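Biologist: I should like to learn how to read the features of a protein model. May we go through one together, step by step?

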Amino acid sequence: MPKAATSRKPEKRANLSSPKTTKKAAPKPEKVDSSTFLDVEEAIREYEDRKASQLKAIKKVDKETLREMLYQMVLGRHFEEKCAEVYRMGKIGGFCHLYIGQEAIAIGTMLSLNKDDMVITSYRDHVQAMVKGLSPESVMAELYGREGGCVKGKGGSMHMFSKEHHFYGGHGIVGGQIGVGTGMAYAAKYKRTGQVVLCFFGEAAVNQGIFHESLNMAELWGLPVIYICENNRYGMGTSQKRAMSARSIAKKAESYEMANEFVDGMDVMAVRGATRRAVERARNESKPTLLEIRAYRYMGHSMSDPGNYRTREEILKYQERDPIILFKDSLKEAKVLNEKDFDEIEQRAVEATASALKFADESPYPSESELLTDVLA
Ligand SMILES: Cc1ncc(C[n+]2csc(CCOP(=O)(O)OP(=O)(O)O)c2C)c(N)n1
Ligand SMILES: [Mg+2]
């Protein structure tokens, strides 16, 4: 467990208390602007169905794993809330894209991988890097641009990377990682390493040629890759509805005769189940899968997003069915943990984040002699 930073003031916690409305009848949906691509009735139905199916899935998994999943989700949330805070204080510079609201995707997909399975992703990469094994210290120091960062402070928020943990970025070019991830899967197959690749990207990347070219090759050559489209409904300020003629991304795989699944990204157990099926297909049959995992980004596209393309009500509706609160409630109902256990999990996350902040603060800036090392132009 990370060392507690006892000298620091107690850190503010994320609000992860269960909503009072959960047990009551669903409130009547408000009228919203149809351009926001929100269906409130569908959302409420989803929450109820999700809880029932989550409880079933929980019964098949051991307590320790379930608690670890919850811990990682709480850590991701708390860590990033602190990122927002210190960003506003000027401690983090440049772009900073937060993952708040999407935690069930990173945790559900990655916690049952083998250690040497490979992951590649976009710039929304802090939580994914930590779930893959990078320490919160090395991620926070990277955000601060310090020597102790996972790439010595030279990459920053968008370029987390660790060869040791088989985490191959953090990429800023939308969709660029889809081609690289496909190449990684080709290498794994060619070298017969038995590794599987998880390649994450947003829904806005799907309109690019690289997505289609990669899926075609992966199916044709039987590559062990899982394409994970994190559909958080927006590409910067543009909703999927305004940018894509087709509503289903998962179905696009059928043009390439590729296996695919649409997954509820607010339900960590559903994400886990779908990923395990895809990993098995990749590992045992050397076949790719496209997963469209739908969640919602609570924060702006990046820290500099004024957010005037969606309503406050829309964001609140999704926060009411938060994936962490849902999972915590399900675990309590399944008697996997009680409120005291949850407090302990939260405290661990608070301490791990405090320790990361302390480490980043104390880590020096890279020296001038590092200016031209590890840099390719
Ligand atoms: C090739 C390319 N075009 C445009 C951009 C500018 N840009 C950065 S993020 C982004 C939106 C991407 O949205 P999505 O793929 O849905 O991922 P999300 O940010 O929602 O995680 C755009 C257009 C870029 N970085 N790269
Ligand atoms: Mg998006």
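Modeller: Let us begin with a term: two strands are said to pair if DSSP finds at least two bridges between them. The model before us is predicted. In it, E261 has L291 of β8 as its bridge partner. The strands β7 and β8, the latter covering residues 289-294, pair in the parallel sense over six bridges.

Biologist: In what order do the strands of the sheet lie?

Modeller: The open sheet is formed by six strands, in the order β2-β1-β3-β4-β8-β7, and the pairing is parallel. At the edges stand β2 (167-171) and β7 (259-264); each has a single partner strand, so one side of each is left without a neighbour in the sheet. On average, neighbouring strands are turned by 15° against each other, direction ignored.

Biologist: Which helix packs on this sheet, and which strands are touched?

Modeller: Helix α6 (residues 176-191) packs there, touching β1 (118-122), β2, β3 (197-202) and β4 (225-231). The direction of α6 makes about 170° with that of β3.

Biologist: How many bridges join β3 to β4?

Modeller: There are six bridges between β3 and β4, which run parallel; F200, for example, has I228 of β4 as its bridge partner.

Biologist: How should I read the two faces of a strand?

Modeller: In a regular strand, side chains alternate between the two faces of the sheet. In β3, V197, C199 and F201 lie on one side and L198, F200 and G202 on the other, and all are buried. Six of the six residues of β3 are buried, so this strand is largely enclosed by the rest of the structure.

Biologist: Why does G265 count as buried?

Modeller: A residue is called buried if 20 or more other C-beta atoms lie within 10 Å of its own. G265 counts as buried because it has 28 C-beta neighbours inside 10 Å. This glycine is found in the loop between β7 and α9. Leaving aside neighbours within four places in sequence, G265 is in contact with Q102, A104, I105, V271, I293, R294 and A295. G265 and N232 are 33 residues apart along the chain, and their C-alpha atoms are separated by 9.0 Å.

Biologist: How can the length of a helix be checked?

Modeller: One compares an expected span with the distance between the end C-alpha atoms. Helix α9 (residues 268-285) has 18 residues and, at 1.5 Å a residue, should span 26 Å; its end C-alpha atoms are 25 Å apart, which agrees. The buried residues of α9 include V268, M269, V271 and R272. Just after α9, S286 takes a positive phi of about 50°.

Biologist: Which residues are closest to ligand 1?

Modeller: The closest are V174, G202, A204, A205 and G235, among 14 residues that surround ligand 1. By class, this shell has six nonpolar, six polar and two charged residues. G202 also belongs to the buried residues of β3.

Biologist: How many helices and strands does the protein have?

Modeller: The secondary structure comes to twelve helices and eight strands. Of the 377 residues of the protein, 47% count as buried. Among contacts with a separation of 6 or more, 77% are between residues 24 or more positions apart.

Terms used: Residues numbered from 1 in each chain as written. Chains lettered and ligands numbered in written order. Predicted model: local features only at pLDDT ≥ 70, side-chain atom pairs only at ≥ 80, totals over all residues. Helix = DSSP H or I, 4+ residues; strand = E, 2+ residues; numbered from the N terminus. Expected span 1.5 Å × (residues − 1). Buried ≥ 20, exposed ≤ 12 C-beta atoms within 10 Å, placed from the backbone. Near = placed C-beta within 6 Å. Nonpolar A, V, L, I, M, F, W, Y, C, P; charged D, E, K, R; others polar. Axes fitted to C-alpha atoms, helices over the stretch in contact; angles between N-to-C directions. Contact = placed C-beta atoms within 7 Å.
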